[in-house]
Amino acid sequence: MSLEIKICGLSTAETLEAALGAGADMVGMVFFAPSPRHVDFATAAVLGAQARGRAQIVALTVDADDAALAAILDALRPGMLQLHGRETPARVAAIKARFGLPVMKALGIAGREDLAALAAYESVADRLLLDAKPPRGAVLPGGNGVTFDWNLLAGLDLARPFMLSGGLDPENVANAVRLIHPPGLDVSSGVERGPGIKDPSRIEAFLRAARAAEAEGGARRPSGDTPAGATAIGAKPTPPSPARETSPS
Ligand SMILES: O=C(O)c1ccccc1N[C@@H]1O[C@H](COP(=O)(O)O)[C@@H](O)[C@H]1O
């Protein structure tokens with residue numbers, strides 16, 4: 001399975017075109033008013049038409065109710081929903097049943113204890129998105145450009161594909177691919193020149209660096225092929241590696 005790359009928080013035709021032209025597999029539009037990447041329905045409809053058939057279109061929502069989800073689906077016509085709030089496993093299952101779209105559930109990872117929470121979502125979500133937890137006092141639950149200790153994911157074996165996210169950028173993405181061999185990557189702030197302002201050259205650099213690292217041997221082993229010492233969800237984790245003092249880069 002080749003590395004799937006999502007560029008999130010696209011809000012203009014120019015930057016969406018940069019992502020599509022550089023070979024993004026997924027493009028994300030944010031529907032969360034406090035975010036500098038939030039798009040209104042009219043913009044979403046135009047961007048959706050531009051991306052349709054060229055990449056998977058993902059609608060990012062945060063604890064949206066059914067009426068809001070229906071309106072978003074109507075405007076963007078996404079192929080996937082990204083749930084980036086505090087949606088419970090039951091809520092994820094209900095959204096999938098009601099709207100009939102694949103769902104990617106975002107979960108914050110700060111320590112080993114957070115890996116235990118993933119099991120409850122494996123049976124209801126089509127994908128998991130493993131993100132950093134927001135800094136204390138942050139307005140946004142994601143999109144903060146913050147990394148977490150990627151070593152926590154070493155040997156992780158999930159029944160569902162996951163995307164690694166949180167603070168990725170063109171400079172650190174190759175390290176992430178070499179260390180984790182993730183099935184997917186998701187980036188937002190790291191390909192911006194300012195909050196909410198995507199930079200076409202950074203989008204291209206990110207895709208180039210990630211694909212080069214993948215070509216070096218970063219392809220993900222098939223799911224279920226748990227190597228010795230790997231952590232299966234629900235299994236007792238292997239002893240922690242020494243804590244890192246700084247974010248990986
Ligand atoms: O990007 C946003 O504005 C956003 C708002 C609310 C929830 C999630 C959001 N973004 C997602 O957060 C992760 C990590 O982003 P970053 O690369 O660290 O900036 C990513 O999945 C975005 O899709």
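## The loop at arginine 77

Arginine 77 sits in the loop between helix H3 (66-76) and strand S4 (80-83). Helices here are DSSP runs of H or I with at least four residues, strands are runs of E with at least two, and both are numbered from the N terminus. This is a predicted model, in which local features need pLDDT of at least 70, side-chain atom pairs count only at pLDDT 80 or more, and totals for chains, interfaces and linings use all residues. Residues are numbered from 1 along each chain as its sequence is written.

Arginine 77 has a phi near 55°, a positive value in a residue other than glycine. Is arginine 77 buried, exposed or partly exposed? Arginine 77 counts as partly exposed, because it has 15 C-beta neighbours inside 10 Å. The rule counts other C-beta atoms within 10 Å of the residue's own: 20 or more means buried, 12 or fewer means exposed, and in between means partly exposed, with C-beta atoms placed from the backbone.

## Other positive phi values

Histidine 181 also belongs to a loop, the one between helix H7 (173-180) and S9. Its phi is near 50°, positive in a residue other than glycine. Histidine 181 has 18 C-beta neighbours inside 10 Å, so it counts as partly exposed.

Glycine 23 comes after H1 and has a positive phi near 95°.

Start with helix H1 (residues 13-21). Its buried residues are Thr15, Leu16, Ala18 and Ala19. They cover an arc of only 155° around the axis, which puts them on the same side of H1. The arc is that of the directions from the helix axis to the C-beta atoms.

Now take helix H2 (residues 41-51). Which residues of H2 are buried? They are Ala44, Leu47, Gly48 and Ala51. Seen down the axis of H2, these buried residues fall within an arc of 105°, so they line one face of the helix. An α-helix has 3.6 residues a turn, so residues three or four places apart point the same way. On the other side of H2, Ala42 and Ala49 are exposed. The cover over the buried residues of H2 includes H1, S2, strand S3 (56-61) and H3.

Proline 89 lies in helix H4 (residues 89-99). It has 16 C-beta neighbours inside 10 Å, so it counts as partly exposed. Leaving aside neighbours within four places in sequence, proline 89 is in contact with Ala120, Tyr121 and Val124. Contact means that the C-beta atoms of two residues, placed from the backbone, lie within 7 Å. Proline 89 and alanine 120 are 31 residues apart in sequence, yet their C-alpha atoms are 6.4 Å apart.

Glutamate 204 is part of helix H8 (residues 200-218). It is partly exposed, because 17 other C-beta atoms lie within 10 Å. Not counting residues up to four places away in sequence, glutamate 204 touches Ala18 and Ala22.

## Around the ligand

Which residues come nearest to the ligand? Of the 28 residues around it, these are Cys8, Ser35, Gly142, Gly143 and Ser189. Strand S2 (26-31), strand S6 (127-132) and strand S9 (184-187) are the elements that give two or more residues to this shell. A residue counts as near the molecule if its C-beta atom, placed from the backbone, lies within 6 Å of it.

The shell divides into eleven nonpolar, 14 polar and three charged residues. Here Ala, Val, Leu, Ile, Met, Phe, Trp, Tyr, Cys and Pro count as nonpolar, Asp, Glu, Lys and Arg as charged, and the others, Gly among them, as polar.

## The whole chain and its confidence

The chain has eight helices and twelve strands. Of its 249 residues, 41% count as buried. Among contacts with a separation of 6 or more, 60% join residues 24 or more positions apart.

The average pLDDT is 89, and 87% of the residues score at least 70. pLDDT is the predictor's confidence in each residue, from 0 to 100. Over residues 221-249 the pLDDT is below 50, and this stretch has 37 contacts in the model beyond near neighbours in sequence. Where pLDDT is low, the predicted coordinates should not be read in detail. The model scores ipTM 0.98 and pTM 0.88.
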